[in-house]
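This report describes the fold of a single protein chain. Please consult the sequence and the model alongside the text.

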Amino acid sequence: MIYDLHTHSNASDGILSPEALVSRAKQRGVTHLALTDHDTVQGLQSARQQAALEDLVLIDGIELSCVWAGRGIHVVGLNIDPESAELQSAIAAQKEAREMRAIEIGRRLEKAGIRGALEGAQKLAGEAVLGRPHFARFLVAEGHVNNIAGAFKQYLGAGKLGDVKHRWPDIAEVTAIIVQAGGVPVLAHPAKYELTRTKLRELLAEFKACGGLAVEVISGQQPPNETETMAGMANLFGLHASCGSDFHVPDQPWQELGGFSDLPSGCTPVWQLWH
Ligand SMILES: [Zn+2]
Ligand SMILES: [Zn+2]
């Protein structure tokens, strides 16, 4: 059994279609795959059809953004009901907020002399949820900057003109939405927030109090001692353990499908919650 419980398709900011993602996961030996696109369930139906063809278990998922103590935090929902009314309305609200934000980013870039950024970013996003990465790709394609990192450094990153504030829900709201959708709330990639141990403990305690049930003990490539730390934290707070690649793009070995499923033996695997 190889579980990969955190992946992205081009329904959000990944590169592969949901079908191609499922096929690649199968080739790489994944037996249980969760598609967890940012703030959308759009890719799940195609992924499910492909998973049936490939004889792979698909777990319906999503990754929701929120804030905690002024920081951006991600919560993955696993084994959700994509049709849930509460989830659908949260997705719609999030989409509208993102669209308003994109319009404002486009307006500000226009003012700085960059024409057609909103339309350009929309074209690059296609059906996907429009976000700053699409503006970044537009700025690169039009020669305003040399690369994606440059686009964030010059225009889109913190404190730059394209850094338009967005009212994210708080951690209690997103956790409740996932629970209402019948899913398991999982704190995503805890090491990425670069919190001190004390702060991480505070976050886990609050997440648990809000109804959080699991934490990603493994998220892509990470040092073994980090896996141990996260396993210890999971056990300390009585949280189940999840694992995933956070796959976005093929051929990035540190986030490749199916490469990160060996949970330490002391952990309680998250899939026990739905098996
Ligand atoms: Zn994330
Ligand atoms: Zn992710």
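Which elements cover the buried residues of H8?

The structure is a predicted model, in which local features need pLDDT of at least 70 and side-chain atom pairs count only at pLDDT 80 or more, while totals for chains, interfaces and linings use all residues. Residues are numbered from 1 along each chain as its sequence is written, and chains are lettered from A and ligands numbered from 1 in the order in which they are written.

The cover over the buried residues of H8 includes strand S3 (57-68), helix H7 (171-180), strand S5 (184-187), strand S6 (214-219) and helix H9 (224-236). Helices (H or I, at least four residues) and strands (E, at least two) are DSSP runs, numbered from the N terminus. The buried positions of H8 are Leu203, Leu204 and Phe207; a residue is buried if 20 or more other C-beta atoms lie within 10 Å of its own, exposed if 12 or fewer, and partly exposed in between, with C-beta atoms placed from the backbone. Viewed down the axis of H8, these buried residues fall within an arc of 95° (taken over the directions from the helix axis to the C-beta atoms), so they line one face of the helix. Thr198 and Ala209, on the other side of H8, are exposed.

Helix H8 comprises 13 residues (197-209), which at 1.5 Å a residue should span 18 Å, and the end C-alpha atoms are 18 Å apart, in agreement. The expected span is 1.5 Å times one less than the number of residues. After H8 comes glycine 211, whose phi is positive, near 110°.

## The sheet

The 7 strands form an open sheet of mixed pairing, in the order S1-S2-S3-S4-S5-S6-S7. Strand S1 (3-4) and S7 stand at the edges with a single partner strand each, so one side of each has no neighbour in the sheet. Two strands pair if DSSP finds at least two bridges between them.

Strand S5 pairs with strand S4 (residues 71-78) in the antiparallel sense over 4 bridges, and leucine 187 of S5 is the bridge partner of valine 75. S5 also runs parallel to S6, joined by 2 bridges; here leucine 187 has valine 215 in S6 as its bridge partner. The chain crosses from S5 through H8 to S6 in a right-handed β-α-β crossover, meaning that, with the strands pointing away from the viewer, the path from the first strand over the helix to the second runs clockwise. Within S5, Val184 and Val186 point one way and Pro185 and Leu187 the other, and all are buried.

S6 and S7 run parallel and are joined by 5 bridges. Serine 219 stands opposite glycine 244 in S7.

## After strand S7

Threonine 268 lies in the segment after strand S7 (240-244). With 15 C-beta neighbours inside 10 Å, threonine 268 counts as partly exposed. Leaving aside neighbours within four places in sequence, threonine 268 is in contact (C-beta atoms, placed from the backbone, within 7 Å) with His240 and Ala241.

## The chain as a whole

The chain contains 9 helices and 7 strands, and buried residues make up 44% of its 275 residues. A compact globule of 275 residues would have a radius of gyration near 19 Å, and the chain agrees with 18 Å; the radius is taken over C-alpha atoms, and the globule rule is 2.2 Å times the number of residues to the power 0.38. Of the contacts with a separation of 6 or more, 71% are between residues 24 or more positions apart.

Terms used:
Two residues are in contact if their C-beta atoms, placed from the backbone, lie within 7 Å.
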